[in-house]
Amino acid sequence: PYSFYDNIRSTNPIYKGNFFRYPGWYVTGYEEANLILKDIRFQNRIPLPETTKKYEVLKNVQKQMMLYKNQPDHNRLRKIVSERFTPRALEQLIPIIKETANGLFCHVANQKRMNVISDFAFPLASLVIANMLGVPKQEKDQFRQWALTLIQTIDHTRSKESLAKGNDTTLEMIQYFQQLIQKRKQDPQDDLISLLLSDNQNGEPLTDAEIISTCILLVIAGHETTVNLIANSVYCFLTHPTQYDKLQANPLLLDSAIQEILRYESPTQMTARIAAEDLTINQTEIKKGDHVYLLIGAANRDPKKFINANSLDITRSPNPHLSFGSGIHFCLGATLAKIEAQAAIQTILEHTQKIKFETTEIEWRNLVGFRALKELPIIFE
Ligand code: HEM
C-alpha cells in the first residue's frame, strides 16, 4: 500500500477520495492524522452504516464498545478495565507470557520449522487474552475463529457474506459470554469478567450488554493486531537481514526494534472518524458528518516527520509512530502487545541462530485496515 500512500500524500495529506466505495477524507500526513486523532470533535463511530437494517446483532454489540463511544460513556467503559492494562499490572504477567512463548516454541523446536502465525503467534495471543478474561484454555481455538471472522466485518473490503457470518458469530459469542457472566456472578474469580461485574468505582455499573461488548472487543483487539505485530516482526527480520544481525548482536535493541516494526509495518493501517461539526484542519475544510479515514500506515511513513521514512532502522529514535492511535482511544492494550511481541521475539532469538523463509510465496491478506500476512512458514537452525 505504501506507494499508494506516498502518491496521495504528495497530492494532499488530507485527500478527498472514494476508495473501496467509501467516500471521505483520506489522511496520510502525520501532523494532520495526529491532530485529528487528538481532537474529540472528530468522533468515533461504528463501522456499519446506520442505514443497514441487517446485521442488527453485530451492530448492537459494536455500539456498546468503548472504541465507538464518545464521552462520558467512553470513560466509564474504559476506566473499569484499564487497571488491568497498566504497565505495573501487566508486569506480573511477563513470566507467564514468556513461559507460554517458550512452551509453544519448544513444541516445534525438533521439527526445525514452524508456521509463525498458526504455531506460535496466534496461540500465544489466544492464551494470553483467554487467561486475562478468565476463559478456559481449551476454548482458545474457538476464540481464534471468532476473531478471524469479526476482523473482516470492520475492514473496507468486507462483503455481505462476511457481515452475515460476523452477525452469526457475534450471536454465538453473546451466548458464550452470557453463560460465563452467569457463572462469575455466582462465583467471582480474579479475572476481567469478574472485574467488569464488580461495583464500578467510576460511575454507573456496566450492563450485561456492555460487559459482553467489552469482552468481544478484547477478543478481537487482543488477537489480530498482536499476532500481526509478531508475524510482521519476523517478516521484517527476514527481509532486512542486516537489521536482524544488528539485533542478534545486541538484544538490548529489542524494544526499539519492535517500535520500528510498529512504525514500518503497522498492524493497524487505518481507523475512521466522523466530523461532529464543520472544522478546518490545515486549511482543509471538513463539513459536519464527513467521514475521515486516518491512514496510520501512511502517517508513519510521512517524510516530513521521519527521516528515511521508507527504510527500516531498528535503532530509530525518537519514534513517535501512530500505530496505537492517539488521544482518548489510544490503544488500551499497547503495553500488553509490546510485552507479547518482546516475549515472542526473545524466544526466537534465544533458540535459533538462523531463520529463513520456508517458501518464497508469502502473501498479505486482502485487508486494507490491517497489515496481516496469510501465513509465515519459516525454517530455523
Ligand atoms: C484501540 C492498535 C493490541 C485493545 C486501538 C487503536 C489502535 C490500536 C490504532 C485506536 C483505534 C482508534 O482510535 O480508532 C493496536 C495494535 C496492537 C493492539 C497495533 C498490537 C500490536 C491490543 C491488545 C488489546 C487492545 C493486545 C487488548 C487486549 C484495544 C482497545 C482499544 C484499542 C480496547 C479501544 C480503546 C478505546 O477506545 O479507548 N488499538 N492494538 N489492543 N485497542 Fe489496540
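Predicted model: local features only at pLDDT ≥ 70, side-chain atom pairs only at ≥ 80, totals over all residues.
**Entry 1: the five-stranded sheet**

I began with the sheet and read off its strand order, which is β1-β2-β8-β5-β3. The sheet is open, and its pairing is mixed. I then looked for the edges. They are β1, residues 14-19, and β3, residues 42-43, each of which pairs on one side only.

Strand β2, residues 22-27, runs parallel to strand β8, residues 291-295, and three bridges link the two.

Which strands does helix α1 lie across? I found β1, β2 and β8. Helix α1 covers residues 2-11 and runs at about 130° to β1.

I moved on to helix α6, residues 94-109, and helix α7, residues 116-133. Their axes come within 10 Å and cross at roughly 145°. The crossing of α6 and α7 is right-handed.

I listed the residues that make the contact. From α6 they are Ile96, Ile97, Thr100, Ala101, Leu104, Phe105 and Val108. From α7 they are Asp119, Phe120, Pro123, Leu124, Leu127, Val128 and Asn131. I sorted the residues of this contact by kind and got eleven nonpolar, two polar and one charged.

**Entry 2: the iron**

Which protein atom is the donor to the iron atom of the ligand? I found a single one from the protein, SG of Cys331, at 2.3 Å. I then checked where cysteine 331 sits. Its place is in the loop between α14, residues 296-299, and α15, residues 334-351.

**Entry 3: strands around β10**

I ended with strand β10, residues 377-380. Strand β4, residues 113-115, runs antiparallel to β10 and is joined to it by three bridges. In this pair, asparagine 115 has proline 377 of β10 as its bridge partner.

Strand β9, residues 355-357, also pairs with β10 in the antiparallel sense, over three bridges. Here I noted isoleucine 355, which stands opposite phenylalanine 380 in β10. I wrote down β10 as a partner of both β4 and β9.

Definitions and conventions. Residues numbered from 1 in each chain as written. Heavy atoms only, no water. Pairing = 2+ DSSP bridges. Helix = DSSP H or I, 4+ residues; strand = E, 2+ residues; numbered from the N terminus. Contact = heavy atoms within 4.5 Å. Axes fitted to C-alpha atoms, helices over the stretch in contact; angles between N-to-C directions. Left-handed = near helix turned anticlockwise from the far one by under 90°. Nonpolar A, V, L, I, M, F, W, Y, C, P; charged D, E, K, R; others polar. Donors = N, O, S within 2.8 Å, 3.2 Å for Na, K, Ca; no water.
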